[in-house]
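Student: Could we go through this structure together, one question at a time?

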Number of protein chains: 2
Amino acid sequence: MYIPTFADMLVAHERIKPHIHRTPVLTSSYINELVGAELFFKCENLQKAGAFKARGASNAVFGLSDEEAAKGVATHSSGNHGTCLSYAAGRRGIPCTVVMPRTAPQAKKDAVRGYGGRVVECEPSTSSREAVFAEVVAETGAEFVHPYNDARVIAGQGTCSKELIEQVPGLDAVTAPIGGGGMVSGTCLTLSNLAPGIKIYAAEPDQADDAARSFRAGHIIADDAPETVADGLKVPLKDLTWHFVSNHVTDILTCSEQEIVDAMKLIWKRMKIVMEPSSAVPLATILRNKETFAGKRVGVIITGGNVDLDKLPWQSN
Amino acid sequence: MYIPTFADMLVAHERIKPHIHRTPVLTSSYINELVGAELFFKCENLQKAGAFKARGASNAVFGLSDEEAAKGVATHSSGNHGTCLSYAAGRRGIPCTVVMPRTAPQAKKDAVRGYGGRVVECEPSTSSREAVFAEVVAETGAEFVHPYNDARVIAGQGTCSKELIEQVPGLDAVTAPIGGGGMVSGTCLTLSNLAPGIKIYAAEPDQADDAARSFRAGHIIADDAPETVADGLKVPLKDLTWHFVSNHVTDILTCSEQEIVDAMKLIWKRMKIVMEPSSAVPLATILRNKETFAGKRVGVIITGGNVDLDKLPWQSN
């Protein structure tokens with residue numbers, strides 16, 4: 001297991017700069033008053049392809065040798081990683097294949113294809129996904145880029161908090177949602193080197209709190225099929241992300257489904273940005289744990305903005 | 001009739017800087033490809049109180065002498081101007097009264113009150129509004145700040161395109177929605193002095209095209225009660241805004257209701273920002289008139305983000 005280094009993150013940032021936005025940091029006086037802290041929202045929903053995953057995917061794609069790149073890249077993901085890998089591959093002009101259950105939303109398949117990637121469908125089971133993915137790799141020789149348990153991906157995600165601390169001096173804490181732990185691992189990698197005094201909080205739905213339980217147990221606990229509106233956060237930790245989470249995270253806080261939806265609507269309404277349910281989880285946990293953040297300067301990573309505008313979660317309530 | 005000068009706009013910018021955001025300019029590669037031009041979206045939906053009207057209202061409020069200010073300010077508006085005047089008055093710690101039809105949406109009344117302003121209800125007719133407003137002014141001695149036909153307000157709105165051309169060099173054109181013409185007049189004031197080569201396009205719904213018809217007729221034509229999803233754009237031009245529109249606007253372009261809703265959804269989906277139907281009108285007119293903008297660098301003013309998240313226009317389709 002190769003653990004990405006601080007130098008890898010710095011190299012990643014130079015490598016991906018032409019392919020990503022240095023996303024803005026937004027604030028809301030209203031939300032600050034509500035929380036009793038100063039929150040600085042790092043808006044990765046405004047990132048290329050609509051999610052921070054454009055960072056890790058771009059680092060993986062542009063770090064390949066020409067020979068490797070010619071065979072293309074492949075992944076299995078029905079979320080933002082598939083779209084972002086397709087985006088990055090499209091920028092380099094190389095093939096990208098994304099294996100997705102045939103039951104995945106049409107919009108997700110369209111998003112991959114929109115950047116030039118190829119979608120290969122599997123049955124909605126782990127065994128089918130693994131079998132189909134193995135075929136794709138055997139056939140193409142493509143480089144597998146895992147959504148999060150990948151040193152190149154984690155180094156890429158780490159560039160987000162590097163920008164954040166350049167944009168906002170004097171932060172006391174940073175918080176980000178945790179699913180597989182790619183963003184949180186990148187945050188740990190960067191902050192433990194550049195600003196070890198900054199506390200790192202991971203935020204998770206009560207209904208998919210496997211990372212919080214892992215954190216308390218001291219080993220990875222993976223749930224079978226958690227159900228939450230924060231659909232980017234259903235996947236489990238893996239060895240590489242567990243390394244960072246177990247060594248550098250201050251705490252993992254959780255919140256209810258209703259708190260997620262309320263925080264999401266609050267951000268849309270007051271900050272005028274479109275973001276995913278997963279991205280609302282940090283604010284939901286801050287609102288539940290105000291005393292932890294009282295008077296502090298807190299960076300909050302808004303991880304993505306790819307949401308179905310025809311089916312907003314507060315409208316099905 | 002006092003016509004605001006370029007110097008008034010410069011004074012306004014210094015005066016209001018502590019009270020407004022220098023809003024970011026966002027771009028979308030996807031929309032640029034679709035249009036065949038380079039669009040630069042000046043995001044006043046991210047402005048204080050959610051609309052560019054915080055600029056003009058702040059200029060009016062902070063330009064008052066202490067003696068005038070003590071009596072407060074008043075206006076009639078069921079839209080963003082009422083909210084923004086309340087915001088600015090709250091920042092100065094002076095009273096603000098907004099006369100609104102009792103039928104206005106509860107959210108609009110709440111928004112005024114949220115910043116500390118007082119709402120006085122009238123019947124939904126011009127005669128009732130005028131009578132009630134006269135009573136308020138007689139009783140309080142408050143300074144009337146008109147939503148747009150006011151030199152202080154126009155000078156304030158002009159600060160938006162000053163920032164825009166500082167943020168984006170080499171623009172060929174700027175486009176903004178037109179209702180009463182406050183933002184377009186401010187844009188004319190600034191650009192005619194700072195960058196007279198930049199073309200100015202006003203954008204209007206087909207169903208409320210009184211400004212376009214006025215522009216072609218050479219005199220103000222006011223409609224009775226136009227119906228459009230772009231509810232910020234129903235009001236007519238007045239003498240002061242007509243002065244700027246008739247002298248400096250390049251053209252007024254129009255679009256259909258469906259084109260407005262489609263452009264609004266396109267911006268939400270691709271740019272991940274929450275904005276009002278009125279703010280989508282410029283992009284809708286650009287999409288209808290691609291040849292006019294082909295290959296050009298175009299500033300597009302996103303005027304506001306105050307929208308009912310429970311009732312989005314594409315969901316009633």
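Tutor: A residue is called buried if 20 or more other C-beta atoms lie within 10 Å of its own, exposed if 12 or fewer, and partly exposed in between, with C-beta atoms placed from the backbone. This is a predicted model, in which local features need pLDDT of at least 70, side-chain atom pairs count only at pLDDT 80 or more, and totals for chains, interfaces and linings use all residues. Residues are numbered from 1 along each chain as its sequence is written, while chains are lettered from A and ligands numbered from 1 in the order in which they are written.

Student: Is Lys109(B) buried, exposed or partly exposed?

Tutor: Lys109(B) lies in helix α6 (residues 106–114) of chain B, where helices (H or I, at least four residues) and strands (E, at least two) are DSSP runs numbered from the N terminus. Because 19 other C-beta atoms lie within 10 Å, Lys109(B) is partly exposed.

Student: Which residues is Lys109(B) in contact with, leaving aside its neighbours within four places in sequence?

Tutor: Two residues are in contact if their C-beta atoms, placed from the backbone, lie within 7 Å. By that criterion, the partners of Lys109(B) beyond four places in sequence are Met100(B), Ala104(B) and Val119(B).

Student: Which residue in β5(B) stands opposite Val99(B)?

Tutor: Strand β4 (residues 96–101) of chain B is joined to β5(B) by five bridges, and the two run parallel; strands pair if DSSP finds at least two bridges between them. In β5(B), the residue opposite Val99(B) is Val120(B).

Student: In what order do the four strands form the open sheet of chain B?

Tutor: The edge strands, each pairing on one side only, are β5 (118–122) and β6 (143–144) of chain B. With parallel pairing, the order in chain B is β5-β4-β3-β6.
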